[in-house]
Amino acid sequence: MTDLADLRSDFPILDQKMNGHPLIYLDSASTSQKPNAVIDAIDDFYRTTNANVHRGAYGLSNDATDRYEAARARVAAFVNADAGEVAFNRGTTSALNQVAYGWGLYNLKPGDRVLLTLMEHHANIVPWQLVSRHTGAELVYVPHTGDYTLDLDAFTELLDDRVKVVGVTAMSNVLGTINPVRQIADAAHQIGALVVVDAAQAVPHVAVDVRAMDADFLAFSAHKMLGPTGIGVLYGKAELLETMEPAEGGGEMISDVQLDSSTWAAVPHKFEAGTPPIAEAIGLAAAVEYLERIGMDAVRNHEVEITGYALDRLGAIDALTIYGPTDTSNRGGAVSFTLADIHPHDLATILDQRGIAVRAGHHCARPLARSLNAPATARASFYIYNVRSDVDALVDGLQEAREIFGVA
Amino acid sequence: MSLNELYREVILDHYRAPRHHQHVDSPDGTAEGKNPLCGDEVTIEVKLDGDVVAAVGAIGVGCSISQASASMMAEAVDGKSRRQIDELIRKFKVMMTIEESDEQVVNTERPGAALGDLEALQGVRKFPVRIKCADLPWITLEQALEAAE
């Protein structure tokens, strides 16, 4: 099944006009839209089952707890993890902060290196910078090649005994590039370094198997995979989660609290301080169920198809530069581009007048933007509800931009 | 809302050929303005002769609105006294204020009156997310003038 057009009616938000035109949403790499199945699951939870989890000695709380833990099991299975290896948090950003502050802070020291890629989102850069101020560890970056893939020779060269942790995005939110995480993990493990995978873009769009990747930690967000905002997932290998310290303290994550110190609850609850995002977990589980019903292979096939079509049509526009691989086999559905000397914000405004939503800017990856010598790009990103006519509308809008700006 | 109101010829001209797009020798005041969300950047440098702007530089990268606004602003303030510039800033702010009230006319002045080329930026008001682009150089100018005092 490569034509998922029938699914569009599952997404109520798409049935509206923006600036007098049907809404064409091309910003799913930023956040995805939500199907009725997810909206209804959250609505139903609040109407029928809402109570706090893991504390009430009454039926409703038990029901809420059961559904919360069932959601965990479902989400864990989606990436081939055990329920005990998956902690809920606010999103990829807080998951990566947990690793930096819970593992990095206690294990890094001066002279150590954190090896990141230049493709990382700020969420896999800034936490390491913050922690480095305490540990004295140094941040080093793997560049990319001219074809927008990771420079694996440079990676091999940089990977020495000083490297204690490798941070890599499984799929770039700007370039779309799919990185060879397993290959990177194998090399990193050879020298005893841990691998922290930012899978915020990968999990929504391709089948992710944490064991096949051999990731030590892996983070993703619900809201980019049809689920609600406010909840994300941190996967960690069981033995690492056992020894990692919690980055946040509070209720629900303790075993006992004395005046001066406390002991932690068992994994994964020691990483879930305070009342967790309960309804959001239910919503995320519904999103996983929805994706599983379609099948991640079908999701991927659709994305390859529509991204290939977009690359063809955009590539045919004179003076349009695409930043990312042109081969759909090693890229996702985020297509970043510039058009002549028209600034991406101007493109976004012109497209918005036609009801087309694209992102413009540095996409929370300024080091990458600098390395591309493109401080800002426009980005169209696709998901299961996008169709070829969305790409056609984008191309028409870009033609209008050319006319307005007098680009020959 | 018409895109033609936003992207006037004169705006595109200033975007493509920005005036005063060069550093000023030993400026009395310099300020850098950034819109971190969209990445627009502009640096304003002023050299004063008494209370008159003897030279102004407006250097930046960003969208057509922010860069055209910087270029037109630099042209407008060059050679003007501090008092004239304050009046210009006031008029520009009035022009950029969104008027939606049916009850009363908030601004009695004709927006853009006596602003010359800058009047071309009037159309920005109809695109609220872009107002901050047009404002950036002006806020930065105020900071540069403060730094010069």
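In the predicted model, chain A and chain B bury about 1,500 Å² between them, with 52% of this area lying on carbon and sulfur atoms. The contact draws on 16 residues from chain A and 19 residues from chain B. Three salt bridges are found across the interface of chain A and chain B, and one of the salt bridges between these chains joins the side chains of R130(B) and D346(A), with an N to O distance of 2.8 Å. Across the interface of chain A and chain B there are also nine residue pairs in polar contact, counted where both residues have pLDDT 80 or more. On the side of chain A that touches chain B, the elements giving two or more residues are α12 (344-352) and α14 (388-404) of chain A, and α12(A) gives the most, with four residues. By class, this side of chain A comprises five nonpolar, seven polar and four charged residues.

The helix α12(A) may also be described by its burial. Eight of the nine residues of α12(A) are buried, so this helix is largely enclosed by the rest of the structure. The buried residues of α12(A) are P344(A), H345(A), D346(A), L347(A), A348(A), T349(A), I350(A) and L351(A).

The contact between them takes 34 residues from domain 1 of chain A and 33 residues from domain 2 of chain A. Together, domain 1 and domain 2 of chain A bury about 2,700 Å², of which 60% is on carbon and sulfur atoms. In domain 1 of chain A, the residues that lose the most area to domain 2 of chain A are M296(A), L368(A) and Y383(A), which together account for 23% of what that side buries. Between domain 1 and domain 2 of chain A the count of salt bridges is zero, whereas 18 residue pairs in polar contact, both at pLDDT 80 or more, are found across the interface of these domains. At least two residues of the side of domain 1 of chain A that touches domain 2 of chain A are supplied by each of α11 (296-315), β13 (320-323), β14 (334-339) and α13 (366-371) of chain A. By class, that side of domain 1 of chain A has 19 nonpolar, nine polar and six charged residues.

A further local feature of chain A concerns H144(A), which is placed in the loop between β6 (138-142) and α5 (152-158) of chain A. H144(A) has a relative accessibility of 16% and therefore counts as buried. The side chain of H144(A) makes a polar contact with the side chain of S371(A) at 2.7 Å. When neighbours within four places in sequence are left aside, H144(A) is in contact with L118(A), M119(A), T149(A), L150(A), D151(A), L368(A), S371(A) and L372(A).

Chain B has five helices and three strands, which follow the pattern α-α-β-β-β-α-α-α when read along the sequence. Of the 149 residues in chain B, 49% are buried. Among contacts in chain B between residues at least 6 apart in sequence, 65% join residues at least 24 apart.

Notes: Residues are numbered from 1 along each chain as its sequence is written. Chains are lettered from A and ligands numbered from 1 in the order in which they are written. This is a predicted model: local features need pLDDT of at least 70, side-chain atom pairs count only at pLDDT 80 or more; totals for chains, interfaces and linings use all residues. Side-chain values use heavy atoms; hydrogens and water are left out. Contact means heavy atoms within 4.5 Å. Buried area is the accessible area (1.4 Å probe) that two parts lose on being put together, summed over both. A salt bridge is a side-chain nitrogen of Lys or Arg within 4 Å of a carboxyl oxygen of Asp or Glu. A polar contact is a pair of N or O atoms within 3.5 Å; within protein, one must be able to donate a hydrogen and the other to accept it, and residues adjacent in sequence count only if both atoms are side-chain atoms. Ala, Val, Leu, Ile, Met, Phe, Trp, Tyr, Cys and Pro count as nonpolar, Asp, Glu, Lys and Arg as charged, and the others, Gly among them, as polar. Buried means under 20% relative accessible area, exposed over 50%, partly exposed in between (1.4 Å probe, protein chains only).
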